[in-house]
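Thank you all for coming.

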Amino acid sequence: MSEGTGPRTVGELGEFALIDRINAGRWQSPAVLLGPGDDAALVAAPDGRFVVTTDMLVQDRHFRLDWSSPYDIGRKAIAQNAADVVAMGAVPTAFVVGLGCPADTPLELVDGLADGLWAEAGRLGASVAGGDLVRSRELVVSVTAFGDLRGRPPITRSGARVGDTIAVAGVLGWSAAGLAVLTAGADRAEFADVVAAHRVPRPPYAAVLDLLSRARDAPAPHALTDVSDGLLADLGHIAAASKVRVDVDSEAVRDRYLERIAAALSADAAQWILSGGEEHAFAAAWPATAALPVGWRRVGSVCAGHGVTVDGVARAGAHGWESFGGADSAGSAEPR
């Protein structure tokens, strides 16, 4: 480091000082009984169970630093895990974060990343309970999330029944549209909303969590998932687990805003909507007799058979994200 100046990179500061820097002044949620500073964290599991999930973001495969700020990346890392917990019918309580980065990573990048992690966790009243740091060739963020079912059974993918209504909370196709805008170098003001959706997903947590706070005899979805891989792909998971067919109404999922963007880019808005992912909207199979809660809209139905169809017809081509094939969310054409 330069004489008379403080450390500017992760390598100059060192591992344990960096851990102290990341955790300094942070608030821990009531569910975290023991946070950073010991060999492991201690997280409450009041009903004797917890929901747990993990996901990973790798630089230039899942994000690009010239497209997204460290703060954006931190929020995205938490959001994609929190959405999985909420999609099980649980309330996120704590997150554990593994961070890999080169030694010459600027400290301000780690500061921004940490601020994003805590900010998104704070949206849910949760916090970062601990984690790990390791030297790596590129930036890698791995998050493990924990959730509390609060005495309720989990809402899985396997409960859809013939006759159910398929409904969605949240936007569809916006992240894929934002990726297309960035890839085309067309980041213009009129496309700002989809670019923002690509940089930071905003799962509509309340659309599910508000349901969980209602009386236990209120209607609840038979099956639930978040749309991370693409609408058709994730509804396909429900169809397979429930041994049914899910049919999507193409008119119900149309988005005129995306159609205007697609026309400007010579792209296909329907492909973004049906096969894009990463907004982490929620898709659910609701009892046909139940009135859909505020924030949910009908997009299809559950039928006898298997697989996923659109207007009764199987759709050719990719149905969504697949980790070892196709273009990734950082715009690369290499396998993910």
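How many bridges join strand 7 to strand 10, and in which direction do the two strands run? Before I answer, please keep in mind that this is a predicted model, in which local features need pLDDT of at least 70 and side-chain atom pairs count only at pLDDT 80 or more, while totals for chains, interfaces and linings use all residues. Residues are numbered from 1 along each chain as its sequence is written, and side-chain values use heavy atoms, with hydrogens and water left out.

Now to the answer: strand 7 and strand 10, which covers residues 281-286, are joined by five bridges and run antiparallel. When I speak of helices and strands, I mean DSSP runs numbered from the N terminus, with helices being H or I of at least four residues and strands being E of at least two. Two strands pair if DSSP finds at least two bridges between them. Strand 7 also has strand 11, residues 297-303, as a partner, with four bridges, and this pair runs antiparallel too.

Is strand 7 buried or exposed? All five of the five residues of strand 7, residues 165-169, are buried, so the strand is largely enclosed by the rest of the structure. Buried means under 20% relative accessible area, exposed means over 50%, and partly exposed lies in between, with a 1.4 Å probe and protein chains only. Thr165, Ala167 and Ala169 point one way from the strand, whereas Ile166 and Val168 point the other way.

Next, the helices around this sheet. Contact, or touching, means heavy atoms within 4.5 Å.

In the loop between strand 8 and helix 8 you will find Ser228, which is buried, with a relative accessible area of 18%. Leaving aside residues up to four places away in sequence, Ser228 touches Asp234, Gly277, Glu278 and His280.

I would also like to show you a pair of helices. Two packed helices are described by the angle between their axes and the distance between the axes. Helix 6, residues 192-199, and helix 9, residues 256-265, pack at an angle of about 100° with their axes 10 Å apart, and they are therefore roughly perpendicular to each other, a word that covers angles of 65 to 115 degrees, whereas under 35 counts as roughly parallel, over 145 as roughly antiparallel and the rest as oblique. Ala192, Asp193 and Val194 in helix 6 meet Tyr257, Leu258 and Ile261 in helix 9.

Finally, a word on backbone angles and cysteines. Most residues other than glycine have a negative phi, and most peptide bonds are trans. Asp60, however, has a positive phi of about 70°, and this residue is partly exposed at 43% relative accessibility. Lys243, in the loop between helix 8 and strand 9, has a positive phi of about 60° and counts as exposed at 70% relative accessibility.

As for disulfides, meaning pairs of cysteine sulfur atoms within 2.5 Å, the structure holds zero. Cys101, found in strand 4, is buried at 4% relative accessible area, and Cys303 is buried at 17%.

Technical notes: Axes are lines fitted to C-alpha atoms, for helices over the stretch in contact, and angles run from 0 to 180 degrees between N-to-C directions.
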